[in-house]
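This briefing goes through one protein chain by topic. Please keep the sequence and the structure in view while reading.

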Amino acid sequence: MWLVPEELPVKTALKLWVTETQNDFFQLQRRRGHGDTAGKLTGMLVGALDTVLDSNARVTPFRILLQVSGSPTSWVIASGASLEEVKAHWCWLEVNLLDSLHVFENAEDIASFVNGKIKGLIADESGGCEDREAGREVCVRVEQRFGLPACERVVTQLTCSLWKTHVPRQGWMYLTQYHLAFYSYLLGKEVKVLIPWASVCGVERVCVGRVAEVLRVATRERHRDFSMFLDISDAMATITQLADLTLRTVLPHAGLRIPHTLTHTPLTKRALEEHRLASEVQCVFGLPRRESVCEERVCSLWTPHLRSHTHGTLYATQQYLCFTSREPGVCSLLIPLAEVLSVEKAETSSVLPEPVIVSVRGRRAFQMVGVCERDTLLDALTDRIRSLRWTHAIYKGQHTPHTPTISTTPYYTFCYDTDGESEESQRHVISSRPLIALNQSQMPKHKSALERRREALWEERFEEFGRGVHMFRTSCLHKLVAMGIPESLRAELWLTLSDAGSEMGSHPGYYAELVKRSLSEVTVATEEIERDLHRSLPEHPAFQNPSGIDALRRVLRAYAHHNTHIGYCQSMNILASVLLLYAKEEEVFWLLVTVCERMLPDYFNKQVIGAQVDQSVFEELLRVREPELSLAVGDVCVLASVSLSWFLTLFLSALPLASGLVVVDAFFLAGAPIIFQLALQVIHTHAHTLAASSDEGHALMILSSFLEQVRHDEQECVCLDDPAAPAEHTHITTLLRDAYERYGDITASQLEQLRSRHRIHVLQSHQDTTKENALRLVTPEVSLSAEDLSDLYDFIKTEHLMSVYWGEGVCVSGVCSEGLLLMLSCTEHLMSVYWGEGVCVSGVCSEGYQLDLAQFRSVYSALSPWQHGPHLDTVARRTFTLLDQSHASLLSFTQIAHWLDTLYCEELNGKIKWLYRLHIPPALMENEDDSSPLKSPLLSTARPLTVDNGESGYEEQLKQMLKDLAKEKEKDADKPLPHMTQREFIQLCKTLSSMFHGDPEESELFQAIAMVTSLLLQIGEAGQRGPGGAGSIPGADEVAACDWRVSLAQIEASVLTESELVMFFERPVDLRTRIAAATQKQYQQRVATLEHASGTS
């Protein structure tokens, strides 16, 4: 174990110890008398002394010393009772510290560095921040050192070194909820690093120089290297988890949800470890994302086909029992608790220690032995089974199936009905047979010999390994599935292998209710479904008649209604149409639920984030697994890009239908790994041809042509193993078997780790694209430079993220309330529809980040060229109201950029006009002087985006909205500004006076504004007495003050008479410098605001 470094004089350090091995800085020593076989007198005396000593005074027989050349002192840093124990510490020192110590110039620096590192390792082993008292001390330390608020949760702390100019800086890494912080104080130098997780673009392990392994954390600006962790794998996993979780939180538009296991749990290191385990189990067994691991036990499972017990691990979740063998591929088992009849313990014996018997439906039972803490596990399982049965009983009682919605006759008998009303009504009738059974002409009259042989092989397997979801899954099953599942068993095995049947069995009648509700609604998703219905397998006869189209419509609409978060995504129609050929409608619906929500999560949304992440993972696998091809091609991005369509459609869009069905068979068994394995095998098969291809288009054509020739009919294809056969066709079975044999080590757990890292990069790429789009839209409309706009965007982004982190402002989570949906402007609706991102109801839209009033106040205070003192909040509120023309209570990046462009780049007249508009309605309200809070703005007068069941669809409404917007813009351009009343003029004078406080020429400016004010008052009074004024009208004395008016032109002319005011408004101000200064103080100001708010509450 590691020890707090203790000094020893070198002269006395070697009397009772023998040096076993040493290097330039460390010595591994053994105490004399332990392990000596020569029987020397000194060793015997020391051994006898250690034997008779009290246990508290005994010395461990092995230790490690830090010994620096030229130093009179050495330090004991580790000890152990066995050579193996101390050897583990010795190996860690050689790998992580030995090469790094050569960069120090003197012995004192080396001793200080190593001693600090060892103390950090001891703190890591003691549990980090899990202890409450220690956790509070760490939180206070982080607040003091980095200026973070008290609400920022510290998840854990790690001891490590930051490499800075080829010298390691030993210190502490603090992983908080939203930041990575590092602090070091070594040799009189203090180093502080604070990196928001939202800025992290990549996390990877690399080798740098002589350092064996470094953890590199990259942002857009630079990367930082950390090393010498106690467990670098655990550190990397924790950092990746926190970065991924933060990006999911602050980027709601990406369509990624917070993991269920972390939704209602305080974010701690233990919670992250539990989530990591749950994610791994979910991927390996294809469990629903809501499942978490409740118990984990090492045990042995009786496997009848092996006639022995198989060692492995048992995982118990809320609704499943999962077992996987210690040796990969030997055996795995999935038991839904809904299938379990009883869980009992048998009598313990020497042969069967701690046995547990699990009985399931179908007269089957499973025996597990060596289950530690058996009674605790049985009690927990019994309670969950009882609760699950009670829940299912209640659900079945509330959702009894309605028999009129199920067709008891073949669906095709209605195809000859010429009555229009009957055709419309049969859309609601759910077919109870697969489409291929309804199209009798597509079914062969007699089964082929190959089909009968496959059925016989499966029947044999059922007898030996069991039938149903709880069958034993072995490596032989992969080979059997690669041959293709028989058509008569395809639907059953799809439901069994994917476990979709369990969900269907626990929700009887749910699909029928969804169909009834979904067919009567019209949404954007239903419009997209209608457009894609006739694009789904148009060449197949099953979809050349209304029966197939109606069945596909019902399934897709039901799923869009079931999961509104996803709704409908292209490629879902292709998958659903293929499933409908062999499975019933309800079965297809639950298979679609399983694929979209369990097997390929995050694939089917508007951004297809999951597919893009897997494309990036596939690109890395190509570089690692095909290095020669990567070297020849140079950039494998083009080859990896083709995988996007492969993954989204499970190769159905690239392979012939018969071959694609075999891939679907294998996918329901193995999940996502088989798709990666097959894609790599396809690339590997043509590696030499691809390396010699002339251009990118040629390479893609090679792959496309090859996949089109892959066959499943053995009469028309040959195997790759036969060199004498013509290479015209390839058999899909051979392709899958080769893929499994060559790339079978790519597991679901490995893919999940790669996805976590690459998801960060993909999400940040979406961030960059959003920023580029926002800047491209704004740049032609303003005079601000591209650099200023980029810095402004980043500043607004940070302001928004701080509100997400620490919960200040209306839009505290980045997602606005549903009520704001009706208040969004027509322009925002149109951009959402055109760009396919849905309606923007979050703090992040297509134009970039949006700010509410509280957030805009901070931006105004930091970036406004005019300082208003105590009048600042009032002017900021008026500015917000004037910019918020859509009355959405949110300002976009475009609106803020136009505002700053006016203040920094406009001429004098433009700035005076802006101040003028700030002091007339709607910016200046009638009740502004009241102490009541700001009233909510009225709803926009623009026509809301609605979809009715009438003849005009949403497309006509969008066109009309565009026309209305154009008319309103023309009307506003031609309409002159109204004259300013006396009350409004007084407010303008207050604003102008507040702008001059603290200015070097404050006295001259006040004199100038006094002259202008006096002049304008005279002009207003003259207009009041003139023709048409209030004074010329009998009885108008009471309303004389109301008729006092001045115009914009009069104010502009008056200001021009005072050179001091002209120079003040035309004084150049550098926006970029202002943003840079505000960015440095952005965190401190927000923290001060939070402390002030908590102090006054």
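The model is predicted. The chain holds 42 helices and 25 strands, and 52% of its 1097 residues count as buried.

**Whole chain**

- The chain exposes about 51200 Å², of which carbon and sulfur atoms supply 53%.
- Among contacts with a separation of 6 or more, 66% are between residues 24 or more positions apart.

**The seven-stranded sheet**

- Seven strands form an open sheet in the order β16-β15-β14-β13-β19-β18-β17, and their pairing is antiparallel.
- At the edges are β16 (332-336) and β17 (340-345), each of which pairs on one side only.
- On average, neighbouring strands of this sheet are turned by 30° against each other, direction ignored.
- Within the sheet, β14 (residues 308-317) and β15 (residues 320-325) run antiparallel and are joined by five bridges; A316 stands opposite L321 in β15.
- Helix α7 (residues 269-285) lies across β13 (293-303), β14, β15 and β16, and runs at about 40° to β13.

- Strand β8 (residues 179-186) has seven of its eight residues buried, so the rest of the structure largely encloses it.
- Four bridges link β8 to the antiparallel strand β7 (residues 167-176), with Y174 opposite A181 in β8.
- The hairpin from β7 to β8 passes through two residues.
- Eight bridges link β8 to β9 (residues 189-196), also in antiparallel fashion; Y183 has K192 in β9 as its bridge partner.
- β8 and β9 likewise form a hairpin with two residues between them, and L187 in that turn has a positive phi of about 60°.

**Helix α17**

- Helix α17 (residues 546-562) has 17 residues, which at 1.5 Å a residue should span 24 Å; its end C-alpha atoms are 24 Å apart, so the two values agree.
- Of the 17 residues of α17, 14 are buried, so that the helix is mostly covered.

**Nonpolar cores**

- The largest nonpolar core has 236 residues, and those with the most contacts inside it are M173, M572, F604, W646 and F668.
- Helix α30 (residues 786-806) gives the most to this core, with ten residues.
- Leaving aside residues up to four places away in sequence, M572 touches L556, Y559, I566, G567, L592, C596 and F604.
- Another core, of 31 residues, lies apart from the largest one; V86, L101, I118 and L121 are among its members.
- In soluble globular proteins, nonpolar side chains tend to be buried together.

- Most residues other than glycine have a negative phi, and most peptide bonds are trans.
- P921 and P922 are joined by a cis peptide bond, with omega about 10°; P922 is in the loop between α35 (908-917) and α36 (954-974).
- E373 is not a glycine, yet its phi is positive, near 50°. E373 sits in the loop between β19 (364-369) and α8 (374-398), and counts as exposed because its relative accessibility is 54%, where the cut-off is over 50%.
- H887 also has a positive phi, about 55°, although it is not a glycine. H887 is in the loop between α33 (872-883) and α34 (893-905), and its 27% relative accessibility makes it partly exposed.

Terms used: Residues numbered from 1 in each chain as written. Predicted model: local features only at pLDDT ≥ 70, side-chain atom pairs only at ≥ 80, totals over all residues. Heavy atoms only, no water. Pairing = 2+ DSSP bridges. Axes fitted to C-alpha atoms, helices over the stretch in contact; angles between N-to-C directions. Contact = heavy atoms within 4.5 Å. Expected span 1.5 Å × (residues − 1). Buried < 20%, exposed > 50% of the residue type's maximum accessible area, 1.4 Å probe, protein only. Core = buried A, V, L, I, M, F, W, Y, C linked by side-chain atoms within 4.5 Å. Areas by Shrake-Rupley, 256 points an atom, 1.4 Å probe, with all protein chains shown as cover.
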